[in-house]
Amino acid sequence: KLELSSRLIALNARISKHVGNHQYRQALHLFVRIHASPDLSPDHFSLSTALTACARLRARCAGAQLHSYALRSGFLLSHPSVANSLLSFYSKSHGPATALRIFNSIPSPDDYTCTTLLSAYVKSGHLSQALQLFDEMPQRNTPVWNSMITGFIDIGHQDIGLELFSVMLQLGVRLDKYSFVSVMTLCDSADCLGLARQLHSMVVKTGFVVCMVSVVNALVTMYFECGLAEEALAVFGEAAIRDEISYNAVIAGLVKWGRDEEALLVFKEMIKEGCFMPTGMTIVSVLSACLTKKVGMQVHALAIRTGLDASLLVGNAFVGMYSDCGDIVSAQQAFGMICDKDSVSWNSIISAYCQQDCHETAIELYDQMLRDGCEPDEFTFGSLLACATALEYVMMIQAVVFKKGLSWRIEISNSMISAYSKCGDIDSSYQVFSNILFGNLVSWNSIIAGFLLNGFPKKAIELFSTMLKLGLKPNTCTLSTMLSTSASILAIRYGKELHGYIIKSTTDCSTSLHNTLISMYAKCGDLNSSEKVFHKMSQKDVVSWNSTIAAYGQNGNGYKAIQHFKAMQTSNVLPDKVTFTIVLSACSHAGLVDEGHLLFTSMSENYGLEPGLDHFSCIIDLLGRAGHLDEAEKILNNIPCGVDVQIWWSLLSACSIHGNARLGRIAANSILKLEPDNAAVYVLLSNLNAVAGKWEEASNVREDMRKNGVIKKPGFSWI
């Protein structure tokens with residue numbers, strides 16, 4: 001009998017562990033095994049944990065079967081934990097009305113029972129019933145107050161939650177750790193700093209900061225949310241007691257504010273001390289701080305060694321990490337290791353393939369997701385729409401969305417607007433936008449960008465004006481799109497109006513918006529305004545420098561472009577591959593051969609950047625324009641990544657200008673292999689041979705053109 005009892009305790013621990021790792025189906029499978037065993041029978045602990053799994057899964061049928069077992073076994077009446085778990089299940093899966101019937105059937109409801117019912121009413125939006133039930137309670141103790149405060153805060157009524165906390169203080173109700181933890185979640189920005197300080201002071205006075213680790217953890221999180229990282233670290237450093245959650249809070253807070261290296265050091269300290277083992281949440285937070293795939297793989301190895309990889313939460317995080325690193329093979333392997341996949345698992349792997357433009361594989365995974373019994377949500381369809389390249393795919397997804405009754409979800413509608421725009425069907429895109437009852441800023445940004453993408457800049461401007469009249473405030477994305485619209489139609493007056501609006505309406509103009517202003521003025525030919533915006537920027541990133549270098553390159557001032565590149569070298573911003581493409585292009589248009597050649601060489605020698613096809617195309621174009629065709633040919637023969645058609649065209653154009661028939665024939669033949677129906681190649685090669693005095697070869701080229709059925713399109717005048 002003792003042996004059977006030990007086995008049951010071990011199995012109950014496994015059920016509890018599965019629930020803790022979000023493996024709810026596995027927890028229920030294990031319960032079924034215990035129930036089917038000839039030697040063992042589930043006890044009240046088995047039943048309570050299984051009901052918790054049902055509540056999380058919203059598994060109505062399984063929950064009803066467990067309810068029946070609870071009645072037959074007598075656990076419902078003899079163990080309050082079973083009654084409370086059952087009440088929690090019905091409140092989450094059936095709503096407050098059913099939960100109230102269960103509540104009334106419980107002979108001796110305790111504090112937890114009352115708070116569960118209150119939470120059910122508040123979280124379902126039945127606020128008046130919740131307040132009425134609260135008023136009718138004969139004994140409103142601390143847990144009951146905490147339940148009301150937490151419930152109102154969770155559904156977005158922070159003001160009512162704070163007011164209830166104030167009333168609780170005025171009535172002298174004893175505060176506990178849950179009271180403080182609930183209210184501290186209200187302090188989520190720098191605007192709440194005053195309240196945060198007051199709560200910290202109260203915690204110190206009551207002594208909770210010394211003996212309650214959960215309060216310490218809440219304080220750390222609160223200060224990070226308010227943007228006071230140093231205050232949070234001070235609380236953590238001075239804490240007399242810590243646990244795994246303390247470290248998790250610090251790591252997550254540092255990651256939030258971009259202090260990834262410090263987060264990794266805290267994680268290293270946690271491992272080194274050995275007092276606390278990392279939890280699933282630790283791994284998830286640390287993965288966000290992994291600067292490279294190598295570090296992420298080390299964390300993955302640690303998770304496998306400690307058994308944390310079995311957690312659904314951790315498994316999903318690894319799929320996302322490998323996906324962000326562009327390693328689709330490892331992402332697929334991490335996905336395959338997840339035993340009890342949920343919608344997040346499927347969404348992560350579908351999104352991973354969508355990011356790699358593998359739309360067909362993503363669709364196959366979607367079908368597999370349905371066969372696995374997992375229902376798609378707005379994130380699933382958002383990912384599929386984001387990578388849809390063909391109109392029929394978008395239409396098919398829209399039909400499925402309507403069939404599943406998800407067309408009301410604003411996230412899906414916004415994704416559909418963008419998808420139709422990308423596929424060139426702006427009419428369908430606008431129809432989706434028009435059918436949205438309450439569009440948000442993302443809806444407006446999507447349709448405005450769609451009209452610009454499809455060549456309707458004036459319609460984009462009209463929509464922007466309508467948006468302003470409706471009282472919607474544009475964000476950085478909206479304003480960047482509108483500045484790009486101004487640049488596309490060279491409407492510098494409208495661009496200046498937008499610039500004025502930005503100055504008046506935003507106190508802190510973002511770096512990305514400044515970068516777009518630089519490009520807009522440059523494309524409109526106003527280099528003075530472009531340079532003024534650049535010099536007034538307090539913070540410049542690599543895009544800022546690239547934009548201003550490109551501004552001078554586009555307007556034919558190669559010397560100024562090189563001057564700004566040299567100035568960039570003295571700043572703390574390192575050039576990237578795009579910088580070199582821009583500055584080499586500027587040298588090519590300005591005929592600065594020596595400077596361009598020196599820059600091309602410095603890419604790999606000084607900055608460790610391997611030249612790509614764009615850089616080879618620029619340097620060959622530069623040398624070709626200047627007549628250095630032999631040197632261009634040497635570079636051409638040493639391109640490691642293969643030569644594309646753009647490079648051959650640059651070389652052929654240079655050969656036509658400088659009369660190099662031999663190299664021109666090589667370039668032309670290479671183009672014809674890639675573009676056999678391009679008449680311009682035949683014409684250029686024929687003219688090249690004619691200029692070189694090779695009339696027979698010129699005639700042969702014309703004859704080949706006739707035999708291959710290639711017809712030169714006649715020119716026409718716009719007039």
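Q: Leaving aside its neighbours within four places in sequence, which residues is aspartate 377 in contact with?
A: Ser343 and Asn347. Contact here means heavy atoms within 4.5 Å. Before going on: this is a predicted model, where local features need pLDDT of at least 70 and side-chain atom pairs count only at pLDDT 80 or more, while totals for chains, interfaces and linings use all residues. Residues are numbered from 1 along each chain as its sequence is written, and side-chain values use heavy atoms, with hydrogens and water left out.

Q: What makes aspartate 377 a buried charge without a salt bridge?
A: Buried means under 20% relative accessible area, exposed over 50%, and partly exposed in between (1.4 Å probe, protein chains only). Aspartate 377 is buried. A salt bridge needs a side-chain nitrogen of Lys or Arg within 4 Å of a carboxyl oxygen of Asp or Glu. On the charge count, Lys and Arg are positive and Asp and Glu negative; His and the chain ends are not counted.

Q: Which side chains does aspartate 377 join through polar contacts of 3.0 Å?
A: One is asparagine 347, at 3.0 Å, and another is threonine 380, also with a contact of 3.0 Å. The rule asks for a pair of N or O atoms within 3.5 Å; within protein, one must be able to donate a hydrogen and the other to accept it, and residues adjacent in sequence count only if both atoms are side-chain atoms.

Q: Why are the buried residues of H22 said to be on the same side?
A: Helix H22 (residues 328-336) has Ser330, Ala331, Ala334 and Phe335 as its buried residues. They cover an arc of only 140 degrees around the axis, which puts them on the same side of H22. That arc is taken from the directions from the helix axis to the C-beta atoms. Helices are DSSP runs (H or I, at least four residues; strands are E, at least two), numbered from the N terminus. The face turned away from the buried side carries the exposed residues Val329, Gln333 and Gly336.

Q: What makes phenylalanine 335 and tryptophan 346 an edge-to-face pair?
A: Rings of Phe, Tyr and Trp (its six-membered ring) pair if their centres lie within 6.5 Å; planes under 30 degrees apart count as stacked, over 60 as edge-to-face and the rest as tilted. Here the centres are 4.9 Å apart and the planes are at 70 degrees, so the pair is edge-to-face. Phenylalanine 335 sits in helix H22 and tryptophan 346 in helix H23, 11 residues apart.

Q: Why is the pair of aspartate 327 and lysine 293 called a salt bridge?
A: Their N to O distance is 2.7 Å, and the limit is 4 Å. Aspartate 327 lies in the loop between H21 and H22, lysine 293 in helix H20 (residues 293-306), 34 residues apart. Aspartate 327, at 14%, is buried, whereas lysine 293, at 31%, counts as partly exposed.

Q: What about glutamate 462 and lysine 459, which meet at 4.0 Å?
A: That N to O value of 4.0 Å still counts as a salt bridge. Being three residues apart in helix H30 (residues 457-469), they are separated by about one helical turn.
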